[in-house]
Amino acid sequence: MGNLWARGLSVPVLPAPREAEIAERITEEAALTAELSDDLRIDPLVAEGAMVAQGAPLFRLHRQPEIVVTAPMAARVARLDLAPGRRLRDITLFREKGEGRHRHALPGDLRATLLASGLWTAFRSRPFGRHPAPGEIPAAIFVMAADTRPGAPDPRLALAGRAEAFARGMAALATLTERLILCQSPGDPLVDPSDRLTVLTLPGLHPHGLPGMQIHRHFPARPEARTWDIAAEEVAALGTLLETGHLPETRLVTVTGTALREGATFRCQPWADLRALSRGLVRPGPHRHVSGSVLDGREARWLRPRDRQVSVMPPASRDDDRHWFLSALRGARRPLPLIPTAALEQALGGDIPTMPLLRALSTGDAEAAIRLGALSLLPEDLTLADYVTCSEPRLSRLLAGLLARIEAEEAA
Amino acid sequence: MMRGIWDRETVAVLLLAALLPVGVTWLLAGGTDALLRLVFFLVVAGAWHVVWMLARAQPPSLAGIVTALALAMLAPQDLGLVALLLSTSFGVVIAELAFGGWGRNVLNPATVTLAFMGFGYPAAPWPDLPVQLWWAAIPAALLGAILGVMSARLLLGAALTLIAASLLGADLSDALPAITITLVLLVADPVASASTALGRWLNGVLYGAFITLSVENWHDAAPVQLCVSAALLTSLAAPLLDEAALLLWLQRRKRRHG
């Protein structure tokens, strides 16, 4: 909290992930799960029990059949659980080393390649933060080669030795949009800027490494001018795909959290098994696995598609057997108000008028929130403010609700 | 997932910690009388907080202690018990609790109480603050800014304006303890002051300007009285300053991004 004019906050997470030695750990099982409320309707391309190569198509989205999702590893499809209406509950894969890797045909059209290889879903389109529609033209693409979430892997480490693939991926992305913006941590530029490509060097404090903060500041998203973001490692994956036709087998993932003896950094497949990743690192006692950082993660069994870190934490404590008088002294049905402090201001990076935005969110004032740039933000961008203020209801959830409402009105 | 500790009560505790130098200096200077005054205001404000907790399920706040401290230091001397009870209850209930407790209020309850006393009992003499208090206000302001519970912009804005005014010839020396104490206790309250960056600068500058105006032109007022009036006017203008700062921000953004 110390510095008066610093922008952003540092959130300590012990133990830190060790980056000196990076082991490859492909877990024996991998799965993708979806909530029924996600309404992820799919058309399966493989049957239960089928063998698939790494990178081979698994299913298409029912509403956007151009978008294909591919297998993260060579495996047998152990379970394909669909709810009525072809809504995906989960798809579980058991590893079969012998199946090899699927080689994608490269039709020459970048958009078709992205859609067919499963890399399309690595993009996130704002406003609203879904993957972009197949025909969508982005007004700008933010490539995130910086991540300031506590315990997040260093994107430079993920790109080490892959400079050529990254440059090829960036060149390909530049054909999709007018404005390509690379956000990188301080240090040597990862690629050379050109007239279409801007390189931004970000300060090292959270929340500046969140794409939402940069998009809000440099290129606000609007429904008619959508802004995409993508992780730098996925751009390198695109470069590799364009060169060889293969998708990379692993991504760089850190395992951190307060329930661990020591942190670790692994190369593992997407959808990896979190228990297998933390094996040998956890302290004895109860714990829970969170896919994502301690701030914005979600309790999960499997690594969620966009996450690059795993947090293992002790279970949430329950203290609901207090005397009513003591509970009344601490809180009531109506939540406690937010007090504007320097910490809260830094939690949103210092550029956004914090209190007006948070007031608009808590009163559900969509018009004011949009004016203040809420369409550039996603719930993850407010998780630091949630952490700092301990606010109830959570600000990130308020934003999620507001965005859902705006999206529904937009669609109507 | 992980939760922090900066909820409302933590901020209230930090605010108290920042004001500790002022409170201790004042108690040392005032002795038992001062302590009794403080206890009286603590009991009255605390009682109202508990009443609202029981009747309206509204959790009490440690910020009530800040209010009591401000009242004990700045309230007029020799007011009768009824007058003190009446005005304190008015300030605490109408300015704070009726709005939903600390954090939802618009004006600082201590400012409102003091204004009420000033208007209601104009004959009561305002206290003379001991001169060492303004030295104690400096560590309080520093602590508040470093802990992040007071706005450094607001404090700097006020300080710079006052320094500029005294360089231009305004004589602030008599009122200095009252000016600084009102600044850290009433004006820099994070809830009742402006909440945007530019708004806070303006908030501080406005307080300095009101003080300078009153010192120059309101000759028969006691130092505490004119400082409390300046604090009240500044608090009333804070939402306006925020709105102006917000409009400027939106305009700048529109120019940059279309």
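Here is a short walk through the model, stop by stop, with something to select at each one.

**Before you click**

You're looking at a predicted model, where local features need pLDDT of at least 70, side-chain atom pairs count only at pLDDT 80 or more, and totals for chains, interfaces and linings use all residues. Residues are numbered from 1 along each chain as its sequence is written, while chains are lettered from A and ligands numbered from 1 in the order in which they are written.

For the complex, the predictor gives an ipTM of 0.89 and a pTM of 0.88.

**Stop 1**

Helix and strand names here follow DSSP runs, numbered from the N terminus (helices are H or I, at least four residues; strands are E, at least two). Strands count as paired if DSSP finds at least two bridges between them.

Select β9, β13, β10, β11 and β12 of chain A: in that order they make an open sheet with mixed pairing. The edges are β9 (124-126) and β12 (197-201) of chain A; each has a single partner strand, so one side of each is left without a neighbour in the sheet. From one strand to the next, the twist averages 25 degrees. (Axes are lines fitted to C-alpha atoms, for helices over the stretch in contact, and angles run from 0 to 180 degrees between N-to-C directions.)

Zoom in on β9(A) and β13(A) (residues 227-231): they run antiparallel and are joined by three bridges. Look for A:Arg124, which stands opposite A:Asp229 in β13(A).

A contact means that the C-beta atoms of two residues, placed from the backbone, lie within 7 Å. Helix α3 (residues 163-174) of chain A packs on the sheet, touching β10 (140-145), β11 (179-184) and β12 of chain A, and its direction makes about 145 degrees with that of β11(A). Helix α5 (residues 232-244) of chain A lies across β10 and β13 of chain A, at about 80 degrees to β13(A).

**Stop 2: a hairpin in chain A**

Show β7 (residues 75-83) and β8 (residues 87-95) of chain A, an antiparallel pair with eight bridges. A:Arg79 has A:Thr92 in β8(A) as its bridge partner. Three residues lie between the strands of this hairpin, and A:Gly85 takes a positive phi near 80 degrees. Strand β4 (residues 51-52) of chain A also runs antiparallel to β7(A), through two bridges; here A:Val52 stands opposite A:Ala75.

**Stop 3: two helices in chain B**

Pick α7 (residues 176-187) and α9 (residues 223-257) of chain B. Their axes come within 9 Å and cross at roughly 35 degrees. Which residues of α7(B) and α9(B) meet? Those from α7(B) include B:Ile179 and B:Leu186, and those from α9(B) include B:Val224 and B:Ala231. The contact residues divide into nine nonpolar, two polar and no charged. (Ala, Val, Leu, Ile, Met, Phe, Trp, Tyr, Cys and Pro count as nonpolar, Asp, Glu, Lys and Arg as charged, and the others, Gly among them, as polar.)

**Last stop: where the chains meet**

Show both chains together: 30 residues from chain B and 31 residues from chain A form the contact. On the chain B side, α1 (8-56), α5 (133-147) and α9 each supply at least two residues. The largest share of that side, four residues, comes from α9(B). The chain B side divides into 19 nonpolar, seven polar and four charged residues.
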